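Student: I've got a model open and want to know where its labels come from. Can we go through it together?

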Amino acid sequence: MCLLLGAFLLFLPLVDPRELLGQSVWMKPAKFFLSIAIYFWTMGWIMEEVKDSRWVEKISWITWTLMLIELIIITYQASKGKISHFNNDTPLDGALFGLMGLAITANSLVVILVLIKLWNAKHLPQGYLWGLRLGLLIFLIAGYQGFLMVSLHQHTVGAADGQEGIPLFGWALTYGDLRVFHFLGIHALQILPLIGWFVFRERPIPILGIAILYFLFCLFFLVLALLGKGLGIG
């Protein structure tokens, strides 16, 4: 469903030319639908490794509901030509933004429960298991970095949101952009378990080293953003 709706939204700019912060109003919901499709696939894969069917079913429904709240609000605000994040222009806008924050916070708690389950797991190859654990851990750190953007009430450092950015992602070229670290960090959830499974299935030490290097790589972009430097090092 998310993949189909995301693909559909990518074509809406052909009939709806409205723009917001330099992009089509439909670009943000399209990216979120596609991103959450990947997230659902990933969590479904990870849930297969948690040997507790009743617990897995509850977590799956909770995750689906929380992400659905996010998608509905983002799409609704886009249809109105409004930003969904950092929007307190009206009481309704503020309430919707707050509800999104609550949904994401609750989802992070769910991920922590999954991490606890996997931390106690003994039945998986050690390299793969540590890939799952560390991928979830970095995902959580990158997720909570979102609160930094909320505190600044924007994701750009050194200028207002909506600056010239790289195609599709929109990350600022000449100013700091906190979304880079956020994006790279949350996708540790796919990268590290896949490396753990296909390359270091039985060797936890190499996957630990790769996880540290990957986190430092992500951290570089966070420091760059906090210094107000863009991807074009402006």
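Student: Which residues make the contact?

Tutor: Helix 2 brings Tyr 39, Met 43, Ile 46 and Met 47, and helix 4 brings Asn 107, Val 111, Val 114 and Leu 118; contact means heavy atoms within 4.5 Å. By class, that's 7 nonpolar, 1 polar and no charged residues.

Tutor: By the way, this is a predicted model, where local features need pLDDT of at least 70 and side-chain atom pairs pLDDT 80 or more, while totals for chains, interfaces and linings use all residues. Residues are numbered from 1 along each chain, and side-chain values use heavy atoms, without hydrogens and water.

Student: How many cavities of 30 Å³ or more does a search of the whole structure find?

Tutor: The search finds 1. A cavity is a set of points on a 1 Å grid where a 1.4 Å probe fits but cannot get out, and lining residues have an atom within 4 Å of a point. The largest cavity has a volume of about 50 Å³.

Student: What gives the most to its lining?

Tutor: Helix 9, with 3 residues. The lining of the largest cavity divides into 7 nonpolar, 2 polar and 2 charged residues.

Conventions. Helix = DSSP H or I, 4+ residues; strand = E, 2+ residues; numbered from the N terminus. Nonpolar A, V, L, I, M, F, W, Y, C, P; charged D, E, K, R; others polar. 1 Å grid on protein atoms, 1.4 Å probe; cavity = no way out; pocket = protein on both sides within 12 Å on 5 of 7 lines; lining within 4 Å. Points joined across faces, edges and corners; volume = space filled by probe spheres on them.
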